[in-house]
Amino acid sequence: DISYNMGAEEVTAEEEIKTMQLYSHMDRVKNEVKAVEAALGISTEQPLSYKAVLGFTCLNYTGVSGVDASAKAMGLKSGSEGEGKTLLDIGCGLCGPARHLTANYNCTVVGVELQTELAEASAWLSKRCGIDADRIKGVNANAATDETLKTLQAASSSQYDAAYSLLTVLHFSREDRLKLWSNLSTLMKKVKHCNMHLFTLLLE
């Protein structure tokens, strides 16, 4: 794991993310699901659509419209025409965007998430929504490391068709952004199909 020096103590990248108070209370995920189930009048055994939980799982400023804009930027097509594409989600969070993309663009998503609690909550949500584990594959790791590069290469039978990141890369250090870009150039078929929302690559 990558570590940073903050004052007198050294903290890991995951611990630093938690100090930002981004998503530190994961119990709320199950509470949100319970509230949705109650509103719909369904039990925990009945099917739950991914759409019903998009309100708190699509963690970006523009919601689903922003995800669709990213899909367009990556050259994806809705319906059966999109079948067979493999996407890489950097900082997948609760995988709301990934579920929307797999449902509407017939693709497979491999999501990388640094926070262990968030990765576990995402896997639980996908299972609750009846999403096939082969359609959304989760990797709990730091995307800007050599070890994760190898893991992502093993997670897909071929290079990735496209990659996206929503409100994540802006939290990366300059060094990590450059390493991430290097990893993506290895993982992807065409680097031009890389959509980074609020992302700036510092080359100077």
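Residues are numbered from 1 along each chain as its sequence is written. Because the model is predicted, local features need pLDDT of at least 70 and side-chain atom pairs count only at pLDDT 80 or more, while totals for chains, interfaces and linings use all residues, and side-chain values use heavy atoms, with hydrogens and water left out.

Let's start with the strands. Helices (H or I, at least four residues) and strands (E, at least two) are DSSP runs, numbered from the N terminus. Two strands pair if DSSP finds at least two bridges between them. Here are two pairs:

| Strands | Bridges | Direction | Residues standing opposite |
|---|---|---|---|
| β4 and β5 | five bridges | parallel | G111 and G138 |
| β3 and β6 | three bridges | parallel | D89 and Y164 |

To get from β4 to β5, the chain passes through α6, and this β-α-β crossover is right-handed (with the strands pointing away from you, the path from the first strand over the helix to the second runs clockwise).

Now for what's tucked away. Buried means under 20% relative accessible area, with a 1.4 Å probe and protein chains only. Five of the five residues of β6 are buried, so this strand is largely enclosed by the rest of the structure. A162, Y164 and L166 cover one side of β6, with A163 and S165 on the other. Helix α5 (residues 96–105) has eight of its 10 residues buried, so it is largely enclosed too. Among the buried ones are R99, H100 and L101. Just after α5, N106 takes a positive phi of about 45 degrees.

A nonpolar core is a set of buried Ala, Val, Leu, Ile, Met, Phe, Trp, Tyr and Cys residues joined through side-chain atoms within 4.5 Å. The largest one here has 32 residues, and those touching the most other members include L101 and Y164. Elements supplying at least two residues each to this core include α5 and β6. A second, separate core has 19 residues, V139 and Y160 among them.

Finally, the second largest pocket. β4, α6 and β5 each supply at least two lining residues.

Definitions and conventions: Buried < 20%, exposed > 50% of the residue type's maximum accessible area, 1.4 Å probe, protein only.
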